[in-house]
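Please keep the sequence and the structure in view while reading.

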Amino acid sequence: MSYAEHRPLGDVRYNQINASSSSKLFLRFRVFFRVFRDVETLPLQDYYDNPYQPPARKPKSRRKWLLIGLPILLIVVIAAIVGGVVGSRKSNNGSSSSSNGGNSGQGSADGAHSSLLGVTGRFPIGTDAYFMPVYPSTTDTAAYGPPTVVNANNPSINWPQDSFTPSGEPGLANIRPDRPRLIAGKYKIQALPTLMQGDPYLKQWDDIIMKNATFYKDQPSVVHVFDGGPSGSGILDPAREVKQRIKHFAYAYLKTSDTSWIDATYRELQNAISWADDTSQAGNDPTDPWNSAHFLDTAELTAAFAIAYDWLYDHWSDDQKNTIRTSIINFGLAKGAAQYAQNSFWLRAHGNWNCVSNSGIVMGCLAIQGDDTTGACNTLFMQAINNANANCAFVPTPNGSGAETPNYWYFAMTGWAEMASSLMLSTGSDFGIVQNNPSFNLTALYHMYVTGMTSLFDYGDHGPNKFSTTDTSLFFMGDVFNQPRYTLWQRDRFTSAEPWSMFWYNPAVSGAWWNGLPLDHLFDDDDTRWGSMRSSWTDNTGIYVAMKASNLTIHQTHGDLDCGDFVLDALGERWAGELGSADYLGANYFASEAQDAVRWLWYRKMTEGQNTLSIAGANQNVNALPAVKFDTSGTTQGATTVADISTDSTAYMTADLTSAYDANIKRGIRFINGRRQVLLQDELTGVNAVTYWRMHTNATVTIDGNTANLSLNGKSLQVTLIDPPANLQWQTLDPVRTDDAPQLQTGQEADQPNPGVTVLSLSIPAGTHTIQVLFNPQWDGFSDFQTPPTVALDSWTLTSH
């Protein structure tokens, strides 16, 4: 297996930081930084300090379902402080559904930088075991004002204005005369050294980028290897790794003027061109070395070559320019034109395929404009823009959620941001890609709320390795939508140490991203309805709960049968998590979302593989459309990182799941006792068969009567049944289908093993029952746990418990 390794349950990270080598193979939850690991605690140091050491790669037998390879850059891990609940204050808004991205007003110049950021000049003092930022415990409100932008016309904190305006209608004919044209203009490159002097985040990222670039330069060229053949997952991993290296090399040259970076760039370009001659890979077409049969591969390589051509334009010889440009045209743009001529499926997709594919085409056209004599972009350029406007621009649903899954959001948003920022820089116009969908202003909130205390609520497929794909599009969103909260949130993420951050980030932001941000939010539309609730934004040892109850289809065939699915974080650990993708190379894995689709026969995709209920092992109805109720006390985080949450602070979500089962079943989840405990309640009325209650965990589970004691990395969680029906008892099961569940077809690829995972389960007899399960994290120094009353879900209110 190349480019990836087995990971712990929920352990998907970027290829950007190195985890402890003591990690062992746990079941993988579908989260961005997978959560369940046996982690060695390291001393608190600087947030990022050392160059990465990625795993050794094997050249063949890659499977796309495998999780992201060991990240780069050793980020130090610190012990979390158990039991703290971060400060909040009560909002008068009453509902988190009215939350917004933040204040876009102006503040004082002094608020922008290290005078308010502490000794290190950064809010986080380190990262925890799951690479989440750790904040100091302080009640100092001066440092944590509301999110704002300081427009002081000060070259030490403000980018200079771009002097370019198109001479006529924006387009290829009126493109900016100087370079670069993609992502970062010359005016920003020239201003960066001054801005870095006053901004500790920029200085830190630059240091990491240069260390990563140095490591890449010392490695052999990227290996050309198909994953499942040309029409399987193709060469997507190698393509994205090439792009990752090109970004770093080009940045390093612009930073240092060291021509060894140009040599390193050209080496990788020549290597990718030489793939045409690789006879070791069955099905490799020498006329199509970038594998347009899986056009994502072509698009990523077109973008990589465009970046190299544009960012290093003045330093290429004429022969080198011709080689790079010809490759962009013949291997990239010509294949893109063929995709349009063939009306390829992705031309109608509201998902990552559309954003990434059109972005590669647009960036290729912008890079070679003025030098191309073939007319490759005469029609293709506007085809790509118009198609992206109709599809990529609508990846965010009306509530801002990603139309696919939380991890596929990264791919779509990276493609969108690269395309939009390059268009704006090159032509002075976004051609509507930024503004056509008003929900784009909300999708950064989706990413923030889907991120729990340890990792994502990563429902559905988690996708391939990310490599050059990041979540730094939040910097671009924060700027174009004038929402400093997005920028402030993103700059504290370890993933921000990559080249695009250096130019999308606005150093003039000031304040604390959490100040005034509601703790709870319902993302409310039929296709992606789910709720997010937490006890804190800045205390990773608090509680995070999220539950999903939405349409099970229309997710570009990346979803699961998971109505009522939930995750739970507490004490800095994930206790209930997701299994992730099944076998991407399995026959018909992406073929259909119909009730009888082969996809739903894999354990990780079927209902039994989710943290929900299954009637006699049967899958949920793919046409389910649950009715949801969500309410919150409207608690928002205050200006400090430490304060007490009031005892009446709460939030809850209930879902009528009848349409998922063709049986009367309801589920609800809520906070009680000032957000220190979580109650999960299921109501089954007249169900005529056994119902399985299932929760997947990496914890060690011991049963003591009505209580299951869970232990994970030295932390404890009690899961207690309240007044259960007679003879109902906890069980621990292996993470495999029951005998009642649909079985794999003859010849179908086997389920992946899920080592290190236990299923905590109940077998609820037929009939009418109310099942209450209480989750009690064992906080240090806290024992005032409460037993809630039994209240019908339809009667739940903010004060019912």
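## Cavities

On a 1 Å grid over the protein atoms alone, a cavity is a set of points where a 1.4 Å probe fits but cannot get out, and lining residues have an atom within 4 Å of a point. Grid points are joined across faces, edges and corners, and a volume is the space filled by probe spheres set on the points. By this rule there are eight cavities of 30 Å³ or more, and the largest cavity has a volume of about 90 Å³. Its lining is made up of 13 residues, of which Met132, Gly452, Arg493, Arg534 and Trp537 are the closest to the centre. The lining of the largest cavity divides into eight nonpolar residues (Ala, Val, Leu, Ile, Met, Phe, Trp, Tyr, Cys and Pro), two charged ones (Asp, Glu, Lys and Arg) and three polar ones (the others, Gly among them).

## How the model is read

This is a predicted model, in which local features need pLDDT of at least 70 and side-chain atom pairs count only at pLDDT 80 or more, while totals for chains, interfaces and linings use all residues. Residues are numbered from 1 along each chain as its sequence is written, and side-chain values use heavy atoms, with hydrogens and water left out.

## Nonpolar cores

A nonpolar core is a set of buried Ala, Val, Leu, Ile, Met, Phe, Trp, Tyr and Cys residues joined through side-chain atoms within 4.5 Å, where buried means under 20% relative accessible area (1.4 Å probe, protein chains only). The largest nonpolar core has 137 residues, and Trp311, Trp416 and Trp530 touch the most other members. Helix 5 (residues 295–311) gives the largest share of this core, twelve residues; helices here are DSSP runs (H or I, at least four residues), as strands are (E, at least two), both numbered from the N terminus. A second, separate core of 56 residues includes Leu561, Trp575, Val719 and Trp730.

## An aromatic pair

Rings of Phe, Tyr and Trp (its six-membered ring) pair if their centres lie within 6.5 Å, and planes over 60 degrees apart count as edge-to-face. The structure holds 45 such pairs. Trp513 and Trp537 form an edge-to-face pair, because their ring centres are 5.7 Å apart and their planes stand at 85°. Trp513 is buried, at 2% relative accessible area, and Trp537 is buried too, at 5%.

## A buried arginine

Arg240 lies in helix 3 (residues 236–256) and is buried, with a relative accessible area of 1%. Leaving aside residues up to four places away in sequence, Arg240 has contacts (heavy atoms within 4.5 Å) with several residues, among them Glu300, Val356, Phe411 and Lys466.

Methods:
Buried < 20%, exposed > 50% of the residue type's maximum accessible area, 1.4 Å probe, protein only. 1 Å grid on protein atoms, 1.4 Å probe; cavity = no way out; pocket = protein on both sides within 12 Å on 5 of 7 lines; lining within 4 Å. Phe/Tyr/Trp six-rings, centres within 6.5 Å; stacked < 30°, edge-to-face > 60°.
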